[in-house]
Amino acid sequence: MTDTTTSGEYRLLIGGRLVNGHGSMPVINPATGLAFVECPRASETQAEEAIQAAKKAFPQWAASAAGERQALLRELADAMEREHESLLRLLTQEQGKPLAESAFEVSAAIGFLRYFAAASPPAPKVLEVTRERRVEQHRRPLGVVAAITPWNFPVLLIAAKLGPALLSGNTVVLKPAPTTPLTAMRIGELCARIFPAGVVNVITDRNDLGAMLTNHPDVRKISFTGSSATGRKVMASAANTLKRMTLELGGNDAAIVLPDADPAQIAPALYAFAFMNCGQTCLAIKRLYVHDSLYDRMCEELAKLANAVVVGDGLNPNIQMGPLQNEQQFAKVRELLEDARERGNVIAGGEVLDGPGYFIRPTIVRDVTDGDRIVDEEQFGPVLPVIRYSDPDDALQRANASPMGLGGSIWGKDPQRLRDLAARMDAGTIWINKHLDFGPSIPLAGSKQSGVGIELAEEGLAEFTQSHVINMALG
Ligand code: NAD
């Protein structure tokens with residue numbers, strides 16, 4: 001614990017006050033494997049206080065004019081814009097991603113907040129007017145929302161939840177992942193200056209408060225992003241109180257490269273969409289199916305790109321890929337890599353870097369297939385399996401056989417064929433000749449075990465509300 005600073009810099013946000021935690025916990029820089037800050041950790045009592053503060057703030061916030069809520073969301077976006085540089089550096093320190101990727105994430109988060117600041121809460125609809133009745137559908141906010149986020153995009157995913165939850169008149173208890181709590185607390189500090197007390201609360205934990213939030217009778221909705229394994233626990237725990245929930249979970253996205261594609265032309269894009277954020281992206285390409293006729297060339301092109309990448313501490317502006325985010329993920333990816341080495345051939349990377357930090361070079365594994373762990377499981381790290389196929393329909397069937405269904409993509413030249421396969425791919429988002437292109441105006445929903453409900457866009461906003469029908473007798 002060499003360069004540890006004190007926790008005084010970081011505070012929880014409960015009921016409008018920035019407070020110390022009843023406990024504390026170290027935050028590790030994944031590039032060094034060393035703690036660089038000792039930060040607040042909330043107790044169960046503090047989590048309860050946060051929920052009660054959000055509950056108390058709810059009626060007034062729900063009754064406020066939409067214009068006021070939009071203005072405050074805009075203020076948050078402006079405040080984050082002013083803190084852009086410090087936020088992105090902190091993000092790299094706690095998360096590991098290169099500065100350029102952190103800059104992109106902070107900008108994207110600001111863009112998401114601005115989108116919701118400019119959107120309107122769902123408007124009332126007149127469903128029917130007859131001689132006998134007038135039926136209107138209104139949408140009311142739900143109440144206290146528990147926003148639970150993972151460690152891969154700690155800033156963006158906070159914005160993706162705060163924007164729609166607050167715009168539609170809910171109050172929020174935000175709980176970030178234990179290994180990336182600092183950017184959340186910085187955003188909490190900004191919120192403390194902008195929102196009325198209790199509207200936004202930020203608490204941190206060591207994976208011990210999530211269940212309390214999802215089980216709590218005063219929490220009306222859970223907006224959860226994380227692994228499918230935790231998603232199952234959330235769903236079970238929310239059953240007690242039959243809470244509303246949106247679960248954005250894991251993915252094992254397949255990309256299918258058709259025989260008319262040009263390997264040299266598409267390799268850079270395929271590489272980027274697989275290895276962004278060190279492969280720790282829910283919607284990354286995690287299985288690459290390549291037609292027999294292109295297989296060797298495609299593997300060579302990808303290996304060339306992987307071999308050229310500079311890996312290192314994200315704070316160094318010259319590096320292109322940072323470390324895995326935490327020790328547990330580092331161990332999991334190493335285990336999958338060892339298995340892949342036995343099942344197929346590693347043609348680029350494969351090395352765990354000597355020295356401190358959780359580094360694995362970008363790795364391309366060929367000659368693996370369905371049934372191998374590296375193909376069937378979400379690796380969530382910098383190891384891409386390339387799988388050979390000879391019949392596109394068979395490749396599609398193998399892609400669809402996964403219990404996951406977050407995204408997928410088809411690559412080639414014949415538009416009719418691309419659309420036909422895309423229409424039959426079983427996932428929430430299918431891209432053609434690209435991957436990972438998403439934004440606040442596009443609904444995001446996983447199929448199968450990749451999610452429940454919809455986030456973002458108009459439909460995502462509606463999920464933060466309760467349908468409220470008023471049916472009036474006439475005549
Ligand atoms: P995780 O499931 O381990 O943790 C996510 C959050 O849940 C953390 O805040 C954690 O503290 C909390 N948590 C832990 N136990 C809990 C419990 N019993 N009840 C409630 N909350 C609990 O996920 P992770 O490892 O931080 O993130 C990686 C995973 O997230 C990957 O599977 C990735 O694909 C997925 N992800 C999905 C999306 C999406 O939009 N679908 C986006 C980003 C990440």
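This is a predicted model: local features need pLDDT of at least 70, side-chain atom pairs count only at pLDDT 80 or more; totals for chains, interfaces and linings use all residues.
Colleague: Which residue does Glu 136 form a salt bridge with?
Modeller: With Arg 134, and the closest N and O atoms of the two are 2.6 Å apart. Arg 134 itself is partly exposed, at a relative accessible area of 28%.

Colleague: How many salt bridges are there in the whole structure?
Modeller: A search finds 27 of them. In general, side chains of opposite charge can pair when their charged atoms come close.

Colleague: What about Glu 378, which side chain does that one meet?
Modeller: Glu 378 meets Lys 286 in a salt bridge, at 2.8 Å from N to O. Glu 378 sits in the loop between H12 and S16, while Lys 286 belongs to strand S13 (residues 285-291), so this pair ties together parts that are 92 residues apart in sequence. Both Glu 378 and Lys 286 are buried.

Colleague: And which residues are linked in a network of salt bridges?
Modeller: Asp 292, Asp 296, Arg 366, Asp 367 and Arg 388 are linked that way.

Colleague: Changing topic: how many helices and strands does the chain have?
Modeller: The protein chain has 15 helices and 22 strands.

Colleague: How does its radius of gyration fit with a compact globule, and what box does it fill?
Modeller: A compact globule of 475 residues would have a radius of gyration near 23 Å, and this chain has 23 Å, which agrees. Its C-alpha atoms fill a box of roughly 70 × 70 × 40 Å along the principal axes. As for burial, 56% of the 475 residues count as buried.

Colleague: Let's pick a helix. What span should H11 have?
Modeller: H11 covers residues 327-343, and at 1.5 Å a residue its 17 residues should span 24 Å; the end C-alpha atoms are 25 Å apart, which agrees.

Colleague: Which of its residues are buried?
Modeller: In H11, Gln 329, Phe 330, Val 333, Leu 336, Leu 337 and Ala 340 are buried. Looking down the axis of H11, these buried residues fall within an arc of 135 degrees, so they line one face of the helix. They pack against strand S15 (363-366), helix H12 (373-376) and strand S16 (383-389).

Colleague: And what does the face turned away carry?
Modeller: That face of H11 carries the exposed residues Glu 327, Gln 328 and Glu 342. Gln 328 also comes up at the start of the helix, where a side-chain oxygen of Asn 326 reaches to within 3.3 Å of the Gln 328 backbone nitrogen.

Colleague: Which salt bridge does Glu 335 make?
Modeller: Glu 335 meets Arg 373, at 2.9 Å from N to O. Glu 335 lies in H11 and Arg 373 in H12, so the pair ties together parts that are 38 residues apart in sequence. Glu 335 is partly exposed, at 44% relative accessible area, and Arg 373 is partly exposed too, at 29%.

Colleague: Last one: where is Ser 228, and what does it touch?
Modeller: Ser 228 is in helix H8 (residues 228-238), and at 8% relative accessibility it counts as buried. Leaving aside residues up to four places away in sequence, Ser 228 touches Leu 249, Gly 250, Met 404 and Gln 449. Its side chain reaches the backbone oxygen of Gln 449 at 2.9 Å.

Notes. Residues are numbered from 1 along each chain as its sequence is written. Side-chain values use heavy atoms; hydrogens and water are left out. Helices (H or I, at least four residues) and strands (E, at least two) are DSSP runs, numbered from the N terminus. The expected span of a helix is 1.5 Å times one less than its number of residues. Buried means under 20% relative accessible area, exposed over 50%, partly exposed in between (1.4 Å probe, protein chains only). The arc is that of the directions from the helix axis to the C-beta atoms. Contact means heavy atoms within 4.5 Å. A polar contact is a pair of N or O atoms within 3.5 Å; within protein, one must be able to donate a hydrogen and the other to accept it, and residues adjacent in sequence count only if both atoms are side-chain atoms. A salt bridge is a side-chain nitrogen of Lys or Arg within 4 Å of a carboxyl oxygen of Asp or Glu. The radius of gyration is taken over C-alpha atoms; the globule rule is 2.2 Å times the number of residues to the power 0.38.
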